[in-house]
Amino acid sequence: PTVDRVLYVQECMRNHPGPHYEMVNKCACALDKVATELPFDDYVTMSTAANATTIGGERGSYIRDTESLQVLIRKYKALQTQVKKACFILPP
């Protein structure tokens with residue numbers, strides 16, 4: 001969905017400051033590469049699990065302690081690293 005694509009690009013730009021036009025294109029490139037690698041439902045599951053690891057307490061420990069979710073999180077982080085490298089997005 002368009003709104004999810006916009007949110008991805010905005011978050012990417014927020015996490016990797018730089019010239020606006022350049023970063024719009026680099027972050028859109030990363031999004032396009034993610035979209036070719038994952039069906040949308042898998043992206044939602046993986047990104048939600050990755051973002052939920054920062055939740056404190058019992059709710060967060062469920063995510064951190066569930067091995068199947070940790071496998072998804074590692075795959076998601078590896079994919080993010082891969083697409084950022086392919087699109088020339090430097091670490092912040």
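Gln70 is in contact (heavy atoms within 4.5 Å) with Thr53, Ile63 and Arg64, leaving aside neighbours within four places in sequence. Its place is in helix α5, residues 67–86. Helices here are DSSP runs of H or I with at least four residues, strands are runs of E with at least two, and both are numbered from the N terminus. Gln70 counts as buried, at 17% relative accessibility. Buried means under 20% relative accessible area, exposed over 50%, and partly exposed in between, with a 1.4 Å probe and protein chains only. The model is predicted: local features need pLDDT of at least 70, side-chain atom pairs count only at pLDDT 80 or more, and totals for chains, interfaces and linings use all residues. Residues are numbered from 1 along each chain as its sequence is written, and side-chain values use heavy atoms, with hydrogens and water left out.

The largest nonpolar core holds 23 residues. Such a core is a set of buried Ala, Val, Leu, Ile, Met, Phe, Trp, Tyr and Cys residues joined through side-chain atoms within 4.5 Å. Tyr8, Cys27, Val34 and Ile89 have the most contacts inside the core. Two or more residues each come from α1 (2–15), α2 (20–37), α3 (40–52) and α5. Val34 touches Tyr8, Tyr43, Leu79, Gln80 and Val83, not counting residues up to four places away in sequence.

Three aromatic pairs occur in the structure. Rings of Phe, Tyr and Trp (its six-membered ring) pair if their centres lie within 6.5 Å; planes under 30 degrees apart count as stacked, over 60 as edge-to-face, and the rest as tilted. Phe40 and Tyr43 form a tilted pair, 6.2 Å centre to centre with 35 degrees between the planes. Both residues lie in helix α3; because they are three residues apart, about one helical turn separates them. Phe40 is partly exposed, at 35% relative accessible area. Tyr43 is buried, at 16%. The rings of Tyr43 and Tyr76 also pair: the centres are 6.2 Å apart and the planes stand at 50 degrees, so this pair is tilted. It links distant parts of the chain, with Tyr43 in helix α3 and Tyr76 in helix α5, 33 residues apart. Tyr43 and Tyr76 are both buried. One aromatic cluster is formed by Tyr8, Phe40, Tyr43 and Tyr76.

On a 1 Å grid over the protein atoms alone, a pocket is an open set of points where a 1.4 Å probe fits, with protein on both sides within 12 Å along at least five of seven lines; lining residues have an atom within 4 Å of a point. The pocket is lined by 19 residues, and Glu11, Tyr43, Ser47, Asn51 and Tyr76 lie nearest its centre. Helices α1, α3 and α5 each give two or more residues to the lining. The most come from α3, with seven.

Phe88 is in the segment after α5. Its phi is positive, about 65 degrees, although Phe88 is not a glycine. Most residues other than glycine have a negative phi. Phe88 is exposed, with a relative accessible area of 61%. Thr66 sits in the loop between α4 (57–65) and α5. Thr66 is buried, at 18% relative accessible area. Thr66 and Val34 are 32 residues apart in sequence and 24 Å apart in space, C-alpha to C-alpha.
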